[in-house]
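Here is a short briefing to read alongside the model. Please keep the sequence and the 3D view open as you go through the points.

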Amino acid sequence: MSSSPQKSKNKRPVEANPTSGEEQVQANKRNPGREEAPAPLPMPAGRPAFFIDPKCLRTKIERDRLAPKLATPEIPTLKGFKPPTYFHTRELLHVREAGTTAALTAAKSLLGISSSVGGTPLKRCSGFWIDWNEESKTGIVLTTAHLVRTKNSPVNIWLGGEEYASHANVTVHLLDGTNAEGQLLYYQPHYDLAFVKVRVDQPVKLPSFHEEVKHAQEVFRLGRDNKLDLRITYGRAEYQNSTMYQRYHNMYFDCAGDAKDDKEYDNGGPVIDLDGKVVGMSNNSKRGTFIPLSILLKCVDLWKKYEYKYIPRPHIGMSFKAIKLFEPAHLDKIWRMYNIDDGLVVPKASKGSHAEKFGIQRGDIIECINGKCISTTIEVGVLEICWGVSHAKKAPNDGRVGCKCIRSWRSYYGLRYTSRLLT
């Protein structure tokens with residue numbers, strides 16, 4: 001039995017093309033200006049079945065070509081950019097209003113600073129005004145010695161090895177977008193600070209200061225990037241026992257920042273409290289350290305005392321660790337064995353130092369210095385500068401002097417003794 005007739009019944013007749021053959025020729029004669037539309041361009045295999053209209057494509061190409069000529073100028077009030085802070089997050093909701101006011105207040109004193117050697121860029125960081133002379137129209141900017149550092153210590157900072165370019169050219173980037181030539185007056189590697197003098201025509205805004213900064217206090221670290229945009233980082237101040245990479249007069253800035261963020265711009269910028277007052281200066285944002293204001297102000301006073309030439313520094317010859325920062329179980333053990341719950345442990349006394357000569361050894365506990373009880377390494381830094389004021393000689397080569405009196409516990413013998421370290 002053949003199925004051909006059945007199949008022919010199910011077939012749908014094909015309609016004739018009305019524009020084919022002779023009819024198409026006649027249509028072209030009636031519309032001589034009409035061009036046949038080119039065939040649409042199919043997408044590559046595997047893509048959804050849609051087509052690109054060549055006419056739309058040509059329009060887009062032409063629009064892109066004219067875009068630079070038709071572009072409107074950038075309007076700062078309408079410009080959107082990812083901020084380096086996270087005030088819009090729920091975590092910072094409690095400090096959003098106070099933090100914004102504080103940051104904008106302190107930002108009026110915050111500048112950008114860059115250095116170069118022989119025309120080659122060296123560093124870009126931040127700084128802030130600390131002095132202004134109306135008569136000479138000059139101001140002094142405080143920043144970090146990183147500004148002119150050309151080589152870091154190969155092992156640790158206590159062994160030295162850093163190199164600095166004292167002849168480096170310094171440029172101060174002012175808030176109005178102009179640049180001014182700066183003069184490097186002095187830098188101090190140990191305290192990691194530098195002073196730059198610059199002439200400006202208009203009076204400058206000096207910041208407010210607050211010497212006290214507490215453990216876990218909420219603070220902001222400020223900086224300016226290479227476009228002078230304000231960088232604000234939220235965190236908490238923290239006391240830590242220093243390592244081989246930090247000085248014992250440093251405090252720490254604890255924040256959950258982006259690891260990919262270029263924090264180098266923040267070096268030399270102020271650390272402020274929620275009132276907008278400066279409580280320190282960031283000196284190594286990558287490691288999260290800053291110099292507390294109690295150290296900075298005493299360094300500035302001492303620098304002025306010695307005619308803006310140097311800051312003398314005593315060489316104590318010991319490293320320290322604060323007992324109160326030990327683990328609670330460790331604290332309990334020290335208290336049970338020696339009845340001591342505060343002070344500084346001496347992990348190491350330098351060979352040939354005054355400390356070693358007068359019998360202070362590894363493991364001793366420093367309970368007080370010159371009759372003053374001491375519990376943090378920051379306090380040692382403050383007393384160190386005070387010793388420099390009392391005992392500095394005229395223009396010493398390295399700025400180092402001796403220290404006075406230290407009362408210590410010999411922890412492994414349990415003996416209290418007093419030793420005098422004289423210059």
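Predicted model: local features only at pLDDT ≥ 70, side-chain atom pairs only at ≥ 80, totals over all residues.

Strands count as paired if DSSP finds at least two bridges between them; strands (E, at least two residues) and helices (H or I, at least four) are DSSP runs, numbered from the N terminus. Angles run from 0 to 180 degrees between N-to-C directions, with axes fitted as lines to C-alpha atoms, for helices over the stretch in contact.

**How to read the values**

- Residue numbers start from 1 along each chain as its sequence is written, and side-chain values use heavy atoms, without hydrogens or water.
- Local features need pLDDT of at least 70 and side-chain atom pairs count only at pLDDT 80 or more, while totals for chains, interfaces and linings use all residues.

- Strands β4 (residues 120-133) and β5 (residues 138-143) run antiparallel and are joined by five bridges.
- W132 has G139 in β5 as its bridge partner.

- Another set of six strands closes into a barrel, ordered β11-β12-β13-β16-β15-β14, with antiparallel pairing.
- Direction ignored, neighbouring strands of this sheet are turned by 45° against each other on average.
- Two bridges pair strand β11 (residues 218-224) with strand β14 (residues 270-272) in the antiparallel sense, and R221 has V271 in β14 as its bridge partner.
- Helix α4 (residues 96-107) packs on the sheet and touches β11, β12 (230-238) and β14, its direction making about 40° with that of β11.
- Helix α5 also lies across β15 (278-284) and β16 (289-292), running at about 55° to β16.

**A residue in β12**

- I232 sits in strand β12.
- I232 counts as buried because its relative accessibility is 10%; buried means under 20% relative accessible area, exposed over 50%, and partly exposed in between (1.4 Å probe, protein chains only).
- Along the chain I232 and D266 are 34 residues apart, and 8.9 Å separates their C-alpha atoms.

**Nonpolar cores**

- The largest nonpolar core has 45 residues, of which L142, L193, F195, F220, L222 and I311 touch the most other members. Such a core is a set of buried Ala, Val, Leu, Ile, Met, Phe, Trp, Tyr and Cys residues joined through side-chain atoms within 4.5 Å.
- Helix α5 supplies the largest share of this core, with seven residues.
- A second, separate core holds 22 residues, including I113, W132, L147 and V148.

**Strands β17 and β18**

- Strand β17 (residues 318-322) has M318, F320 and A322 on a covered face, and S319 and K321 on an uncovered one.
- Four bridges pair β17 with strand β18 (residues 344-349) in the antiparallel sense.
- A322 has L344 in β18 as its bridge partner.

**Whole-protein figures**

- The protein contains eight helices and 22 strands.
- Of its 423 residues, 43% count as buried.
- Among contacts between residues at least 6 apart in sequence, 61% join residues at least 24 apart.

Technical notes. Contact = heavy atoms within 4.5 Å.
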